[in-house]
Amino acid sequence: MELPSNLIPDEASPEWMNKGDNAWQLTTATLVGLQTIPGLVILYGSMVKRKWAINSAFMAFYAFAMVLICWVGWGFRMSFGDKLVFFLGKPGVALDEKFLLKRAFAGYLPTATMVFFQSVFAAITVVLIAGSLLGRMNFRAWILFVPLWFTFSYTIAAFSIWCPQGWLAKLGVIDFAGGFVIHLSAGVAGFTAAFWVGPRAEKDRRNCPPNNVILMLAGAGLLWMGWSGFNGGAPFVASTVSGLAILNTHVCTATSILTWLLLDSLFFGKPSVLGAIQGMITGLVCITSAAGVVQCWAAIIMGIISGSVPWYTMMVLHNKVKLLKLVDDPIAIFHTHAIAGGLGGILTGFFAVPKLCRLFYMVTDWEKYLGLVYGLQNGRTPAGFKQMGIQIAAMGFVIVLNVVVTSIICWFIGLIVPLRMSDEELENGDDAVHGEEAFALWHEGERLVGRRHNNKVYDTHEFSFVESKGEVQMV
């Protein structure tokens with residue numbers, strides 16, 4: 001019996017490639033890309049004060065482009081290539097068709113698909129760091145920070161935890177889709193960089209309402225729905241584990257949102273949109289390490305924890321711990337990513353199901369992956385505690401790596417350009433930094449700035465415009 005013509009292998013569709021898996025992987029990669037472009041671009045641009053909208057969105061936009069070039073230039077092979085040392089791969093380009101069209105290191109995919117899929121994860125990690133630095137980091141310093149941090153921090157964490165040759169991967173750490181590699185890294189690195197860059201201007205810290213709540217929800221929505229690709233693509237196949245990972249992701253997130261809103265209502269009297277978004281993010285981050293290897297009931301428990309513990313650290317501890325008060329983290333990346341990511345990694349070591357780990361990893365030594373709950377249940381308590389120890393060791397490694405490397409990078413950049421904007425730029429925002437404004441009126445190519453509310457006069461470089469009876473007239 002002959003195969004249908006569309007299933008017959010040929011030079012463009014070799015026998016080892018699964019067309020369905022390849023299509024799924026490209027789709028999930030695009031979903032993750034959309035989380036940043038335009039998801040985080042919109043979210044950052046709308047969560048900050050109006051005068052920082054362009055700068056905040058542009059930091060994300062630039063970082064996405066820079067990381068993709070670094071990724072194909074040297075980053076992919078440093079993260080997933082041949083071992084150079086126990087924590088890092090050999091640098092090398094991922095540009096030649098002979099390399100890109102051969103089978104990837106995992107799954108039934110061409111390497112080109114794997115390169116693109118992993119690139120959007122690397123990009124969003126750096127973009128998340130930007131959330132800790134909004135409203136004061138010198139953009140030229142950010143231009144240098146992105147490739148340096150990506151090269152000397154992200155690739156080390158990715159190789160150590162995700163690459164089959166990495167030392168933590170060999171120990172048996174479970175990080176399904178990046179709770180450690182992406183979120184814990186970004187949260188710790190962002191907090192560390194924020195310490196070195198310093199706080200925003202005092203008036204920006206005192207009064208920093210979002211400039212557009214509806215757009216903020218739109219950006220958050222893209223982030224939430226894009227997480228179907230974030231966690232659903234981690235197995236590298238369109239499998240039962242992918243479906244479970246997606247379901248667990250959304251169940252945990254919804255639970256986290258409701259938990260956060262309940263706490264806001266109980267302690268502050270009103271549920272808030274900003275609180276709902278923070279609860280959404282902590283739920284998404286917490287489940288990332290565990291999405292496809294835990295039961296759905298465990299995802300609900302993780303959602304309750306991710307909606308309450310980061311809430312407590314943000315709303316209570318933040319005002320009591322001197323270091324947390326000292327470091328200016330404008331949109332709470334430390335709480336939503338470092339705290340939630342660390343929680344997720346530890347809870348993964350607690351709830352991971354042996355069978356689901358076998359279905360995900362598809363390796364002969366799958367029995368080493370064992371959550372403590374099932375170790376206690378099956379009489380393998382030492383193995384369960386060992387898994388918890390590995391998870392904690394991986395968390396400690398990522399924290400130390402990012403504190404040290406980020407500090408060195410900030411020190412080095414400070415020798416070349418100031419880390420912080422000038423006083424004039426801090427005062428005027430986007431107009432001083434980029435010569436543009438996010439919410440400006442335009443007339444015949446001239447920008448309308450300097451609105452005075454009493455007489456509603458709009459000044460430009462050459463003209464003035466007066467609003468009269470709903471019309472703008474040039475005078």
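Let's start at K203: with 35% relative accessibility, K203 counts as partly exposed, because that label covers everything between buried, under 20% relative accessible area, and exposed, over 50% (1.4 Å probe, protein chains only). A word on the model. It is predicted, so local features need pLDDT of at least 70 and side-chain atom pairs count only at pLDDT 80 or more, while totals for chains, interfaces and linings use all residues. Residues are numbered from 1 along each chain as its sequence is written, and side-chain values use heavy atoms, with hydrogens and water left out.

Back to K203. Its side chain meets that of E427 in a salt bridge, 2.8 Å from N to O. The term means a side-chain nitrogen of Lys or Arg within 4 Å of a carboxyl oxygen of Asp or Glu. E427 lies in helix α18 (residues 423–428) and K203 in helix α8, so this pair ties together parts that are 224 residues apart in sequence. Helices here are DSSP runs (H or I, at least four residues), strands are E runs of at least two, and both are numbered from the N terminus. E427 is partly exposed too, at 43% relative accessibility.

How many salt bridges are there in the whole structure? A search finds five. Next, D204 and K49. Their closest N and O atoms are 3.1 Å apart. D204 sits in helix α8 (residues 202–206), and K49 in the loop between α1 (19–47) and α2 (53–80), so parts 155 residues apart in sequence are tied together. D204 is buried, at 1% relative accessibility. K49, K51 and D204 are linked in a network of salt bridges.

Then R205 and D328. Their side chains meet in a salt bridge of 3.6 Å, N to O. R205 is in helix α8, D328 in the loop between α13 (322–326) and α14, and they are 123 residues apart. R205 is partly exposed at 29%, whereas D328 is buried at 3%.

On to α14. Helix α14 has 19 residues (333–351). At 1.5 Å a residue it should span 27 Å, and its end C-alpha atoms are 25 Å apart, which agrees. The expected span is 1.5 Å times one less than the number of residues. Is α14 mostly covered or mostly open? Mostly covered: 16 of its 19 residues are buried.

The largest nonpolar core has 132 residues, and Y44, W142, F145 and Y154 have the most contacts inside it. Such a core is a set of buried Ala, Val, Leu, Ile, Met, Phe, Trp, Tyr and Cys residues joined through side-chain atoms within 4.5 Å. A second, separate core has five residues, including W260 and W311. Y154 touches W71, F121 and W162, among others, not counting residues up to four places away in sequence. Contact means heavy atoms within 4.5 Å.

One glycine to find: G233. Look in the loop between α9 (213–232) and α10 (240–268). G233 is buried, at 0% relative accessibility. Leaving out residues up to four places away in sequence, its contacts are W24, Q25, T28, F117 and S228.

Last stop, strand β1 (residues 83–85), where L84 is found. L84 is partly exposed, at 48% relative accessibility. Beyond its neighbours within four places in sequence, L84 is in contact with G89, K90 and P91.
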